[in-house]
Amino acid sequence: MNEAILVTGGAGFIGSNFVLDWLARCDVPIVNLDKLTYAGNLENLASLRGDDRHVFVRGDIGDRHLVGSLLAEYRPRAIVNFAAESHVDRSIHGPEDFIQTNVVGTFHLLDEARRYWEGLNPRDRAAFRFLHVSTDEVYGSLGPEDPPFSETTPYAPNSPYAASKAASDHLVRAYHHTYHLPTLTTNCSNNYGPYQFPEKLIPLVLHHALAGKPLPIYGDGGNVRDWLYVADHCAAIRLVLERGRVGETYNIGGCNEKTNLEVVHMLCDILDEVRPKTGGGSYRDQIAFVTDRPGHDRRYAIDASKLMHELGWQPRESFESGIRKTVQWYLAHGEWVAHVTSGEYRAWITKNYAERAA
Ligand code: NAD
Ligand code: TYD
């Protein structure tokens with residue numbers, strides 16, 4: 001077995017942040033397997049061009065032959081699985097890709113990992129890890145007074161996205177329980193930060209605000225999410241990978257519960273300060289309440305005390321500091337935004353928003 005790790009989905013939002021942070025901290029090579037769907041973008045990894053610590057392979061986690069040959073060639077000591085279809089609204093319009101990648105793809109990846117792991121010598125078998133990156137959405141929706149999700153909260157996924165991630169978590173659990181594959185699962189709250197595709201709330205609002213377009217808020221804007229800066233999520237994954245107990249799951253969250261309206265107001269207020277509108281007025285004037293998402297989960301909240309107490313993890317960013325960094329990043333990376341918001345992106349915006357009357 002080598003020192004290298006295999007990362008899947010490393011050209012997406014969280015995966016690319018993870019790859020960049022990892023290689024900024026150490027020289028352990030990464031083999032990055034990504035299908036480059038609409039959400040995958042090699043521009044996120046441009047700073048690694050010519051860096052032989054990063055090997056990029058375009059391909060599908062569901063392609064067993066490819067996965068098997070990568071494991072045989074690079075003999076990694078761990079797999080970190082970010083690859084997924086990740087957007088709830090897209091899962092409502094077209095759930096099939098979610099089942100294919102998140103359920104069937106994860107199954108094939110797991111099964112190839114098992115085959116590889118079973119062929120290792122006893123020392124390497126003990127050291128190997130399969131870390132599955134998942135979401136708090138598997139736990140369903142909370143009422144206003146409910147305690148936050150813990151690792152023992154029963155699964156109750158409500159969207160096709162959440163159901164497909166829940167299924168993948170169950171497969172990971174079963175591969176540990178049945179075959180003793182050394183797995184770890186993390187369930188994290190909503191991430192934000194650099195390189196997030198502008199179909200998700202925060203980058204979408206920034207993009208629309210600067211373009212003078214309406215800022216679409218589903219329903220009454222009172223839905224609550226717990227927000228975590230992406231670098232804090234990546235730090236938690238590194239910690240769980242190195243020191244997490246095999247077979248365990250760890251919840252990751254920022255203790256930053258905000259309603260969507262609060263988030264959008266904060267974004268508008270920061271923009272008003274750092275990039276005032278040329279014609280005067282506030283970006284808040286662009287807010288438009290639109291038809292709600294079907295089955296819209298009302299509240300997510302995470303109890304991350306297991307991760308904090310067992311492994312000593314703490315988020316470094318508050319929501320206020322993280323959101324300012326994020327706004328600055330999007331302002332400084334207009335070209336990146338321009339590239340990812342052409343073509344397919346426009347078709348998606350029409351599909352998702354045309355029928356949501358303001
Ligand atoms: P993303 O949509 O930005 O990126 C997903 C990446 O996976 C893309 O690069 C895409 O090309 C790749 N991919 C998709 N299907 C693939 C396949 N079949 N084979 C190989 N690569 C494939 O997603 P993200 O926001 O970076 O999320 C990464 C992971 O973290 C996902 O598993 C998601 O469920 C989980 N997660 C996300 C959040 C969040 O707020 N974004 C929160 C908690 C957990
Ligand atoms: P999103 O970023 O899609 O993440 P998730 O659905 O995984 O939580 O959405 C975050 C919240 O913002 C969610 O409650 C839905 C809401 N939302 C809007 O109000 N308007 C939008 O245009 C989008 C994309 C999301």
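This is a predicted model: local features need pLDDT of at least 70, side-chain atom pairs count only at pLDDT 80 or more; totals for chains, interfaces and linings use all residues.
1. Begin with the seven-stranded sheet. The sheet is open, its pairing is parallel, and its strands follow the order β3-β2-β1-β4-β5-β6-β10. At the edges stand β3, residues 54-58, and β10, residues 249-252; each of these pairs on one side only. From one strand to the next, the twist averages 20°.

2. Strand β1 covers residues 5-8 and strand β2 covers residues 30-34; the two run parallel and are joined by four bridges. To find one of these positions in the model, go to I5, whose bridge partner in β2 is I30.

3. There is also a sheet of three strands. This sheet is open too, with the order β7-β9-β11, and its pairing is mixed. Its edge strands are β7 (190-192) and β11 (257-259), each pairing on one side only. Here the twist averages 50° from one strand to the next.

4. Strand β9 is made of residues 224-229, and it pairs with β11 in the antiparallel sense over three bridges. D226 stands opposite E257, a residue of β11.

5. On the three-stranded sheet, α8 touches β7 and β9, and its direction makes about 70° with that of β9.

6. Which residues come nearest to ligand 1? They are I14, D34, S86, Y161 and K165, out of 28 residues around this ligand. Sorted by class, the shell of ligand 1 holds 12 nonpolar, 12 polar and four charged residues. α1 (13-25), β5, α6 (160-179) and β7 each supply at least two residues of this shell. The most come from β5, which gives three residues.

7. Several backbone atoms approach ligand 1. A backbone N or O atom of G12 is 2.9 Å from an oxygen atom of the ligand, and a backbone N or O atom of T37 is 3.0 Å from an oxygen atom of ligand 1. For I61, a backbone N or O atom lies 3.0 Å from a nitrogen atom of ligand 1. On its own, ligand 1 has 840 Å² of accessible area, and the protein covers 97% of this area.

8. Ligand 2 has 17 residues around it, and the closest are E137, R225, R293, H296 and Y353. This shell is made up of seven nonpolar, five polar and five charged residues. Both α7 (201-210) and β8 (215-218) supply at least two residues to the shell around ligand 2. Which element gives the most to this shell? It is β8, with three residues.

9. An N or O atom in the side chain of E137 is 2.5 Å from an oxygen atom of the ligand. A polar side-chain atom of H296 lies 2.7 Å from an oxygen atom of ligand 2. From P216, a backbone N or O atom lies 2.9 Å from a nitrogen atom of ligand 2. The protein covers 97% of the 510 Å² of accessible area that ligand 2 has on its own.

Technical notes. Residues are numbered from 1 along each chain as its sequence is written. Chains are lettered from A and ligands numbered from 1 in the order in which they are written. Side-chain values use heavy atoms; hydrogens and water are left out. Two strands pair if DSSP finds at least two bridges between them. Axes are lines fitted to C-alpha atoms, for helices over the stretch in contact, and angles run from 0 to 180 degrees between N-to-C directions. Contact means heavy atoms within 4.5 Å. A residue is near a molecule or strand if one of its heavy atoms lies within 4 Å of it. A polar contact is a pair of N or O atoms within 3.5 Å; within protein, one must be able to donate a hydrogen and the other to accept it, and residues adjacent in sequence count only if both atoms are side-chain atoms. Accessible areas come from the Shrake-Rupley method with a 1.4 Å probe; for residues, only the protein chains shown count as cover. Ala, Val, Leu, Ile, Met, Phe, Trp, Tyr, Cys and Pro count as nonpolar, Asp, Glu, Lys and Arg as charged, and the others, Gly among them, as polar.
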